[in-house]
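Thanks for making the time this morning.

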Amino acid sequence: MPTRAASDLFRSLPSVDAVLRMPPVAQLTQRQGAALVADAVRVVLERLRKEIASGQLTSDALPLAVSGVADAVERQLSQALGYSLRSVVNATGVILHTNLGRAPLPREALDHISTTAGTYCNLEFDVQAGERGRRDVHVDRLFQHLLGSEIGEGAPAVSTVVVNNNAAAVLLGLNTLAEGGEVIVSRGELVEIGGSFRIPDVMVKSGATLREVGTTNRTRISDYERAICEKTRLLLRVHRSNFQITGFTEQPELSQLAELARRRNIPLMEDLGSGALFDLRSIGISGEPGVSDSLRAGVDVVSYSGDKLLGGPQAGMLSGTPDLIRRIRNNPLFRALRVDKLTYAALEAILLAYVKQDHDSIPAVRMMRVSKDEIGRRADAVAARIASKQLSAQVIDGNSLIGGGAAPSAVLSTRLIALSHQVFSADELALRLRQCDPPVVARVEEGRVLLDLRTVFPEQDELVIRALISLSS
Ligand SMILES: *Cc1c(COP(=O)(O)O)cnc(C)c1O
């Protein structure tokens with residue numbers, strides 16, 4: 001309960017009607033309409049009530065707050081009429097940062113979206129025949145080319161369907177291939193991915209029953225073999241993505257699982273999580289299998305994300321043998337999980353870049369490939385511009401992360417700008433960077449604010465400099 005003093009303060013706040021009658025607010029009403037302005041007034045008065053209740057707004061400060069009400073209403077209104085989703089500068093060094101929208105899209109993808117989505121397009125229309133077409137043809141041809149040519153001569157045909165994200169792809173795959181039956185999974189692969197994707201829960205929702213085999217650290221091919229019965233519909237391998245099991249461990253090779261699946265005539269699905277379409281070994285990351293590695297090892301259906309190592313829009317892919325993919329496409333759930341023209345346009349542009357081997361046009365891939373030396377040169381240039389008594393900047397060695405559950409242990413070495421401020425703590429400094437326009441999101445570690453330019457677009461370096469200069473005086 002508010003104290004007596006607080007309830008007196010509440011009473012001295014103007015009413016909604018009184019604020020609406022203030023001349024500047026009345027003018028706003030004429031321009032923007034009564035409903036929007038009244039909402040803004042309510043938000044502002046509610047904020048003041050909360051500040052009084054929490055003791056933040058005391059009786060001496062109240063008159064000033066009340067005299068600023070009209071201005072506060074105007075600010076509130078312009079915020080309400082502006083976008084909430086906005087661009088931020090990612091200086092965290094986490095390339096596929098799930099909270100910051102994962103992969104930034106290349107220019108080509110944005111252009112393709114604007115030319116196809118701003119008018120009508122042939123999403124499901126065969127222009128030649130003048131008849132209804134299928135939406136997956138636009139990208140299936142490119143997946144066929146990319147995966148087929150990597151798997152090599154004489155490889156079996158591969159089809160691909162696209163859904164909302166990889167979580168949807170796993171759900172759709174399990175539901176199509178295993179509803180009402182059992183799916184065999186190793187106890188070492190029952191993963192949880194951030195944001196509540198858990199294999200046992202997805203399994204329940206798919207209508208399939210999870211049949212766990214092996215132990216947390218060791219699962220052998222004989223464990224799978226023994227669990228196979230007349231109820232078995234699918235063998236599932238799940239990429240561990242965000243954790244590792246080390247020490248006394250064992251896991252069958254993918255090719256051994258594929259051999260068992262073929263011998264017992266049961267399909268093998270792999271949830272790869274992050275589907276790389278380029279060879280990560282070229283940037284010094286080993287042990288992160290690509291989509292074609294899985295197919296080459298004999299996996300029948302592989303699922304992966306569009307906005308992880310692929311560097312594209314949010315989407316989930318299921319690639320595999322044409323008869324299984326056809327069953328998946330014919331599942332009524334597919335209609336509920338399919339993607340729109342914006343996603344197809346972005347994905348088609350990304351896949352074309354891979355076909356042309358133009359990897360550097362894909363921002364996430366380019367960020368993985370950029371050298372420590374180049375980042376160091378940019379970091380030195382930024383640091384040189386902002387050194388002041390208040391704010392000091394030192395360029396040090398450090399690591400960037402790929403993120404998004406890809407290659408959990410893989411770090412890319414980088415150069416970091418380590419900041420310290422005479423007055424502000426590291427958390428305060430990071431907050432002030434986020435309050436800049438556009439917000440600059442940094443890492444805080446061991447009492448220092450760290451900026452990693454690997455994930456900052458070079459043309460944004462000037463924004464970072466401006467943000468830092470504004471905090472150094
Ligand atoms: C990331 C991931 C998912 C979820 O993918 P989304 O595209 O985020 O839905 C599922 N499985 C694995 C193994 C993952 O790494």
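Let me begin with Asn-331, which counts as buried because its relative accessibility is 11%, and buried here means under 20%. What we are looking at is a predicted model, so please take every value I quote as computed from that model. Asn-331 is placed in the loop between helix H14, residues 322-330, and helix H15, residues 332-337. Its side chain makes a polar contact of 2.8 Å with the side chain of Asn-175, and a polar atom of the Asn-331 side chain also lies 2.8 Å from the backbone nitrogen of Leu-333. If we leave aside the neighbours within four places in sequence, Asn-331 is in contact with Leu-172, Asn-175 and Thr-176.

The second residue I want to show is Thr-414, which is located in strand S14, residues 411-421. Is Thr-414 buried or exposed? Thr-414 is buried, with a relative accessible area of 0%. Again setting aside neighbours within four places in sequence, the contacts of Thr-414 are Lys-372, Ile-375, Ile-396, Asp-397, Gly-398, Asn-399, Ser-400, Asp-452 and Arg-454. With one of these, Asp-452, the side chain of Thr-414 forms a polar contact of 3.0 Å. For a sense of distance, the C-alpha atom of Thr-414 is separated by 22 Å from that of Phe-278, a residue 136 places away along the chain.

The crossing of H18 and H20 is right-handed. On the H18 side the contact is made by Arg-378, Val-382, Arg-385 and Ile-386, and on the H20 side by Asp-461, Glu-462, Val-464, Ile-465, Leu-468 and Ile-469. Sorted by class, the contact of H18 with H20 has six nonpolar, no polar and four charged residues.

H7 contributes Glu-108, Ala-109, His-112, Ile-113, Thr-116 and Ala-117, while H16 contributes Lys-341, Leu-342, Ala-345, Ala-346, Glu-348 and Ala-349. The residues of this contact divide into seven nonpolar, two polar and three charged.

Let me turn to the backbone. Most residues other than glycine have a negative phi, and most peptide bonds are trans. Against that background, the peptide bond from Asp-437 to Pro-438 is cis, with omega near 0°, and Pro-438 lies in the loop between H19 and strand S15, residues 440-441. Asn-265 has a positive phi of about 60° although it is not a glycine; Asn-265 sits in the loop between helix H12, residues 254-263, and strand S10, residues 268-274, and is exposed, with a relative accessible area of 71%. Gln-357 likewise has a positive phi, near 60°, and is found in the loop between H16 and helix H17, residues 363-369, where it is exposed at 63% relative accessible area.

Finally, the protein as a whole. How many helices and strands does the protein have? There are 20 helices and 17 strands, and of the 473 residues, 49% count as buried. The C-alpha atoms fill a box of roughly 80 × 55 × 50 Å along the principal axes. Among contacts between residues at least 6 apart in sequence, 75% join residues at least 24 apart.

Notes
Residues numbered from 1 in each chain as written. Predicted model: local features only at pLDDT ≥ 70, side-chain atom pairs only at ≥ 80, totals over all residues. Heavy atoms only, no water. Helix = DSSP H or I, 4+ residues; strand = E, 2+ residues; numbered from the N terminus. Buried < 20%, exposed > 50% of the residue type's maximum accessible area, 1.4 Å probe, protein only. Contact = heavy atoms within 4.5 Å. Polar contact = N/O pair within 3.5 Å; in protein donor to acceptor, adjacent residues only side chain to side chain. Left-handed = near helix turned anticlockwise from the far one by under 90°. Nonpolar A, V, L, I, M, F, W, Y, C, P; charged D, E, K, R; others polar.
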